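Q: Can you walk me through this one? I'll ask as I go.

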Amino acid sequence: MRTVPAGIARPEYALTGTPSSRQARAIRTDDELAAMRVAGRVAADALIEVGRHVRPGITTDELDRIGHEAMVAAGSYPSTLNYRGFPKSLCTSVNEVVCHGIPDSRRLQDGDIVNVDVTAFIEGVHGDTSCTFLVGHVDPASVALVARTREAMHAGISVVRPGARVRDIGKAIEESVLPHGYSIVREFIGHGIGDQFHTSLQIPHYYDPRNDTVLLPGMTFTVEPMINLGAAGVAMWDDGWTVSTVDRQRTAQFEHTVLVTEDGHELLTVPADGRPADVLFAVDPVGADARPV
Ligand code: MF3
Ligand code: CO
Ligand code: CO
């Protein structure tokens, strides 16, 4: 594990690996929301910095170092570090890896896709965001998967407003991706977030008609669909973390932390100029090149 300077405040699990099991409040105070904008900005900035270094030949551990240093330089603690024992400062999930890939000495290869998932803890709260990047020249089917997965995340976010229900988010995501023949991972879902990394609030990315939880102003949660080219099923590696598609076909993911406002929603994981990684590195669904726009 990389070290974090002593002056940086740590979440409660940093030493033990075990997060608090206390029930989190569902509605954030104005002070908490101000802090969450800071945490979201720090995570978004770090994700962009990592994205600028994604290229053939770089190892995922080097991406981890870049993200770690960006978060620490901003005064934040990399939330994944020792979260339930996770050993790294961010997650890197390549090709058929759905989520929670552990950065290591593997070099990215031309044609890979890699999701980088960054979470920063600062001012007592977390900001959580991810983007799938193209590595060099990527085959058109994978480019389309990445572009459509980004669209799916935004489709889910677009229905977030007071009075909407949690199930509306999954419905919008299904309507966005199922016509393209993709499948939606069910085992991993969005989550409430605030002073805890993951609260008990669950945000499925598929339509669950029984989930009638009403969205209220001040709720904060992630929308982070994992979309597969092939079957929806997943399998766990024997490292206890890395999640793969069961059929080894490719998968993509994007994530933002979202606030329910009085009249809609606000993205919390945006940099100061408002252009997050998923915008800066956006790809056309029918394009085939990996250059940032
Ligand atoms: N950032 C991931 C999420 O979106 C969680 C990573 S937890 C870890 O919820 F332990 F795997 F790092
Ligand atoms: Co998350
Ligand atoms: Co995340």
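Q: What are we looking at, and how are things numbered?
A: This is a predicted model, where local features need pLDDT of at least 70, side-chain atom pairs count only at pLDDT 80 or more, and totals for chains, interfaces and linings use all residues. Residues are numbered from 1 along each chain as its sequence is written, chains are lettered from A and ligands numbered from 1 in the order in which they are written, and side-chain values use heavy atoms, with hydrogens and water left out.

Q: Which residues are the protein donors of the cobalt ion (ligand 2)?
A: Asp128 (OD), His191 (NE2), Glu224 (OE) and Glu255 (OE). Donors here are N, O and S atoms within 2.8 Å of the metal (3.2 Å for Na, K and Ca); water is not among the atoms, so sites may look incomplete.

Q: What spacing do those donors follow along the chain?
A: The pattern is D-x62-H-x32-E-x30-E. His191 sits in strand β7 (residues 190-191), and Glu224 in the loop between β9 (220-223) and β10 (226-228). That pair links distant parts of the chain, 33 residues apart. Strands (E, at least two residues) and helices (H or I, at least four) are DSSP runs, numbered from the N terminus.

Q: Are His191 and Glu224 buried or exposed?
A: Both His191 and Glu224 are buried. Buried means under 20% relative accessible area, exposed over 50%, and partly exposed in between (1.4 Å probe, protein chains only).

Q: Why is the arrangement around the cobalt ion (ligand 2) irregular?
A: Its six donor atoms subtend angles of 52 to 163°, which makes the arrangement irregular. The rule: six donors count as octahedral, and four as square planar, if opposite donors are over 155 degrees apart and all others between 65 and 115. Four count as tetrahedral if all angles lie between 85 and 135 degrees, and anything else is irregular.

Q: How far apart are the cobalt ion (ligand 2) and the cobalt ion (ligand 3)?
A: They are 3.3 Å apart. Asp128 coordinates both.

Q: New topic. How many aromatic pairs are there?
A: The count comes to four. Rings of Phe, Tyr and Trp (its six-membered ring) pair if their centres lie within 6.5 Å. Planes under 30 degrees apart count as stacked, over 60 as edge-to-face and the rest as tilted.

Q: What about the rings of Tyr13 and Tyr83?
A: Their centres are 4.9 Å apart and their planes at 80°, so the pair is edge-to-face. Tyr13 lies in the segment before α1, and Tyr83 in the loop between β1 (77-78) and β2 (91-94), so the pair ties together parts that are 70 residues apart in sequence. Tyr13 is buried at 1% relative accessible area, and Tyr83 is buried at 9%.

Q: And what do Tyr83 and Phe197 form?
A: A tilted aromatic pair, 4.7 Å centre to centre, with 55° between the planes. Phe197 lies in the loop between β7 and β8 (202-203), and Tyr83 in the β1 to β2 loop, so this pair ties together parts 114 residues apart in sequence. Phe197 is buried too, like Tyr83. Tyr13, Tyr83 and Phe197 form one aromatic cluster.

Q: What sits over the ring of Tyr206?
A: The charged end of Arg186, 3.8 Å from the ring centre. The cut-offs are NZ of Lys or CZ of Arg within 6 Å of the ring centre and within 35 degrees of the ring normal.

Q: Back to the loop between β1 and β2. Where is Lys88, and what does its side chain contact?
A: Lys88 lies in that loop and is buried, with a relative accessible area of 18%. Its side chain makes a polar contact with the side chain of Asp61 (2.6 Å). A polar contact is a pair of N or O atoms within 3.5 Å; within protein, one must be able to donate a hydrogen and the other to accept it, and residues adjacent in sequence count only if both atoms are side-chain atoms.

Q: What about Arg84?
A: Arg84 has a positive phi of about 50° although it is not a glycine. Arg84 is also in the loop between β1 and β2, and it is exposed at 54% relative accessible area.

Q: Last one. Where is Ala39 found?
A: In helix α1 (residues 30-53). Ala39 counts as buried, at 0% relative accessibility.
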